[in-house]
Amino acid sequence: MALCNHSYTHAHNRYNKFYQAPDSVVADFQRARDSLHLTNNIVRTPGRNIWRIANMQFTDLKSSAAAADSLQMAGFVVMGWDLEWHYDPKTFSVLSTANEMLDQIDSAFAKKKTMQSDHLVLLAHDQVYKKPDDSVQLRKFLQGIKLKDDYELSLVTSYPEVNAKRTSDTFAVNNKQRLSPQ
């Protein structure tokens, strides 16, 4: 298992205001790192899909770019996601079955809709899988990934260009079939 930083305050769920103050964003992540004694520099921003890994940069909402850049300058590796397992925010129930998620992963690889070729980061919020029906879907999903010879399930710490010791509720799926020796 690996753990990484998702902020101390989760932006108090006031994302626009949170990202307007880049220094405060950095301080919030530093506070989480220090209070939890995290041993890595990987972060996932609350409410935003932002990437700052080596030369890879993506910001879903441009108003958050300065905060993302500040996190990177402070030494954090900011990792977003390629695909999210969506859920109903009122009932905390998944909106897609395990098989539908597997199909979405196949589609993302086929259409080259991932940030890094042959790698896919899946965001799956852990609080969703407390209900038995949803946890069954998660189990079926993990079994389905393991049955596919084309894919390998790994932690985000093994994502290309991420140099970290340990990380979050984010999985990485590697497409082994498309990897070819140079």
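Biologist: Where is Met 73 found?

Modeller: Met 73 is part of helix 3. Keep in mind that this is a predicted model.

Biologist: Buried or exposed, that Met 73?

Modeller: Exposed. Its relative accessible area is 70%, and the cut-off for exposed is over 50%.

Biologist: How far apart are the C-alpha atoms of Met 73 and Val 26?

Modeller: They are separated by 9.5 Å. Along the chain, the two residues are 47 apart.

Biologist: Which residues of helix 3 are buried, then?

Modeller: Ala 67, Ala 68, Ser 70 and Leu 71. Down the axis of helix 3, these buried residues fall within an arc of 160°, so they line one face.

Biologist: What covers them?

Modeller: The cover includes helix 1, helix 2, strand 2 (50-53) and strand 4 (77-78).

Biologist: And just after helix 3, which residue takes a positive phi?

Modeller: Gly 75, with a phi of about 100°.

Biologist: What is Ser 64 in contact with, leaving aside neighbours within four places in sequence?

Modeller: Tyr 19, Arg 48, Ile 50 and Thr 59.

Biologist: Switching to helix 2. How many residues, and how far does it reach?

Modeller: Helix 2 covers residues 22-36, which is 15 residues. From first C-alpha to last it reaches 21 Å, close to the 21 Å expected at 1.5 Å a residue.

Biologist: Which residues of helix 2 are buried?

Modeller: Val 25, Val 26, Asp 28, Phe 29 and Ala 32. Seen down the axis of helix 2, the buried residues fall within an arc of 160°, so they line one face of the helix.

Biologist: What covers that buried set in helix 2?

Modeller: Helix 1 (15-19), strand 1 (42-43) and helix 3 (65-73) are among the elements that do.

Biologist: What follows helix 2?

Modeller: His 37 does, and its phi is positive, near 55°.

Biologist: Now helix 5. What should it span, at 1.5 Å a residue?

Modeller: Its 16 residues, 132-147, should span 22 Å. The end C-alpha atoms are 22 Å apart, which agrees.

Biologist: Which residues in helix 5 are buried?

Modeller: Asp 134, Gln 137, Leu 138, Phe 141, Gly 144 and Ile 145. They cover an arc of only 125° around the axis, which puts them on the same side of helix 5.

Biologist: And which exposed residues does the face turned away carry?

Modeller: Pro 132, Arg 139, Lys 146 and Leu 147.

Biologist: Aromatics next. How many aromatic pairs in the whole structure?

Modeller: The search finds seven. In one of them, Tyr 87 and Phe 92 have ring centres 5.5 Å apart and planes at 15°, so the pair is stacked. Phe 92 counts as partly exposed, at 34% relative accessibility.

Biologist: Which residues do ring pairs link into a cluster?

Modeller: Trp 85, Tyr 129 and Phe 141. Phe 141 is also one of the buried residues of helix 5.

Biologist: What lies over the face of Phe 58?

Modeller: Lys 62, at 5.7 Å from the ring centre.

Biologist: Last topic, confidence. What does the pLDDT average?

Modeller: The average is 90, and 90% of the residues score at least 70. Over residues 165-170 the pLDDT is below 50, with 30 contacts beyond near neighbours in sequence. Residues 177-182 are below 50 too, and that stretch has five such contacts.

Note on methods
Residues numbered from 1 in each chain as written. Predicted model: local features only at pLDDT ≥ 70, side-chain atom pairs only at ≥ 80, totals over all residues. Heavy atoms only, no water. Phe/Tyr/Trp six-rings, centres within 6.5 Å; stacked < 30°, edge-to-face > 60°. Buried < 20%, exposed > 50% of the residue type's maximum accessible area, 1.4 Å probe, protein only. Lys NZ or Arg CZ within 6 Å of the ring centre and 35° of its normal. pLDDT = per-residue confidence, 0-100. Contact = heavy atoms within 4.5 Å. Helix = DSSP H or I, 4+ residues; strand = E, 2+ residues; numbered from the N terminus. Expected span 1.5 Å × (residues − 1). Arc of directions from axis to C-beta.
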